[in-house]
Amino acid sequence: MALPDISHIALEEVCSNLPNGGERRLGQESMTRMVAESIAEESHLVVRAGTGTGKSLAYLLPCILSQKPTIVATATKALQDQLAQKDLPFLQLHLDTPFSFSVLKGRSNYVCRQRLVEYELSDQQQSFDEPSMGVNEEHINSIIEWSNDTVTGDRSELSFEPSNATWEKVSVSSNECPGRSKCPSGGNCFTENARDLAATSDIVVTNLHLYALDISSENSFLPEHEVVVLDEAHKVEEILSSSLGFEIHQGKFRSLFRDASSVLSACSELENVSELSEIFDAALSPHLNKRVIPPEDVVLSDALDLAETRLVALSSVLRNLPDLETLEFGTRVTRVVQSIDSLLENVRIARWLEEELVAWVESLYGRPCLKVALLSVDHILNENLWPIRTVILTSATVPANLAVRLGLDEEDFSYEDVGSPFDFENQALLYCASHLPDPRAENYREALHDEIERLIIAAGGRSLVLFTSRRALDEATSYLRPRLPWTVFHQDDLPKPALMAAFAREEESCLFGTKGLWHGIDVPGPSCSLVIIDRIPFPSPVDPLLSARREKIGDRSFHEIDLPIAATELSQGVGRLIRSTSDFGVAAVLDSRLAKNRSYRGQLIEALPPMTRTTDQESVLSYLKRIETRI
């Protein structure tokens, strides 16, 4: 029997064990067959699967039944957790075909046993002279205690959230690790154990960042595989571009100085590297929030030249230290040398910035940071992915030009839209406040706040309000909190999991947030009966990376870059509304351009679920009041 038929039968059997009693989802059935056909024919598939489709089971089943080693890479931890803690264990329980799975993350996500040993043996246990470093000694001691009991060593298992500075003291990046054979703790390394388990697993769940590194390094991070599913595919280009780039800032030199000081006595080479922190701050500060071309900037190119000279000198001193044959000491030195080599490579790349790279300066913890990213990723995928594996790209929102931007020609893939099981036409109303001023007008903010207030009152609270800027969020929160009789949560009030739990639990509450809440928020039921979006989420016109891409494309850039991004983000935001077959609600876009701008409104609306649409304020207020009465 062919794989599509086997997968279809298995889907029926598996779904009969779901809590909903085997509710049939035509989109899920279609997607399962399409994925199975793609795997059987070794062809690429791009599939848009709307909210509620059950796309995870639709791609997992054919992958498992094909018995081909498979990687599933996602953009968010929430989806990784869903796959590893819910979907895959469910399939192991109810699928006749036995299979194994594992989760693999980047090395820095796991605690390093060797770093813990070195910390406990050190005479300088956390005698930090700089409180601003943000290192918490109590947390490190708790991590040491936890490391004796944990099986995985995965940071996400901690009962508390250590600061990044604290975690850096007990972990290593792939650039620092000397490898299992050269490390005293290599035989009991959490990362190596995770990689060993992944190497024998049928399904490996990972993140898009690690998959990007694997592609660029010719399969040195992940096990060999024949099939890859790139879930949340609308984030692939963004994540691959940033993951295959790097950043240079004063913290890199400070951290290197501290690590080198632990194995090296005071010397001029060490002090010279320490001075690079302030030199880079001074060279980068004038370019904050701007693109830079280092070869054309004398001050910055001189700073990079100086960094190269001093890093080479420090590396030479370390490589010539005595006692390197001592395993423990040699491991510590090797780790520092590898950190230097990695930073040195980045310095050289930034210094002579090639055409396919873009550099800019942005603020990182209040200090300037040089960021370098790939202008496009299609050439890497054309070389290291498309010709080698079967690829399934899927998301609830798929930009119209996604496959092309990733380097696929039309004849190289199939595109399908399997829709959603939700009856959007009867479950939801799309409201565009066409009477409001243009968002760029001076009187827009005041009118916006009044409109939000009317809508929320009509809904009886129960609202998720999404803003495209931090300033808009803060202004609206300050203005509306004293005017509304219900709790108004600001996204900074609680950690995200606690925030979502509070919003769902306190049914009449409202939640105000920015881009962090546009994705991955799943609050079914009456708690989220109204989703308000302040304006069309066009990307910033001064975004350095996008500006470079616009320059490369020219006159078509708005329709090939800005509009697809806005359509995808808008669809993601609106997608927070209907999360189950029993949900009803309103998605309100308070940007009159969605109703009035004929040149692009059609493409934006096409990306949204097929909801009933209106621009009449009284109609939407009446609709919201009817929903509140029904609750």
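## Exercises on helix packing and exposure

**Exercise 1.** Which residues of α18 meet which residues of α25, and at what angle do the two helices pack?

*Solution.* Start with the contact list (contact means heavy atoms within 4.5 Å). From α18 come Glu-451, Arg-454, Leu-455, Ala-458 and Ala-459, and they meet Gln-617, Val-620, Leu-621, Leu-624, Lys-625 and Glu-628 of α25. Next, sort these residues by type: six are nonpolar, one is polar and four are charged. Here Ala, Val, Leu, Ile, Met, Phe, Trp, Tyr, Cys and Pro count as nonpolar, Asp, Glu, Lys and Arg as charged, and the others, Gly among them, as polar. Finally, the geometry: α18 (residues 444–459) and α25 (residues 617–630) pack at an angle of about 30°, with axes 7 Å apart. Axes are lines fitted to C-alpha atoms, for helices over the stretch in contact, and angles run from 0 to 180 degrees between N-to-C directions. Helices (H or I, at least four residues) and strands (E, at least two) are DSSP runs, numbered from the N terminus.

A word on the model before we go on: it is predicted, local features need pLDDT of at least 70, side-chain atom pairs count only at pLDDT 80 or more, and totals for chains, interfaces and linings use all residues. Residues are numbered from 1 along each chain as its sequence is written, and side-chain values use heavy atoms, with hydrogens and water left out.

**Exercise 2.** Is Arg-440 buried or exposed, and which residues does Arg-440 touch?

*Solution.* First locate Arg-440, in the loop between β12 (428–432) and α18. Its relative accessible area is 61%, so Arg-440 is exposed (buried means under 20%, exposed over 50%, partly exposed in between; 1.4 Å probe, protein chains only). Then look for partners: not counting residues up to four places away in sequence, Arg-440 touches Arg-535 and Arg-593.

**Exercise 3.** How many residues of α21 are buried, and what covers them?

*Solution.* Count along α21 (residues 544–553): eight of its 10 residues are buried. They are Pro-544, Leu-545, Leu-546, Ser-547, Ala-548, Arg-549, Arg-550 and Ile-553. Their cover includes α10 (236–243), β7 (290–292), β8 (357–364), β9 (367–374), α16 (402–405) and α22 (557–574). Ser-241 is buried, because its relative accessible area is 0%. Leaving aside neighbours within four places in sequence, Ser-241 is in contact with Ala-373, Leu-374, Val-377, Leu-545 and Arg-549.
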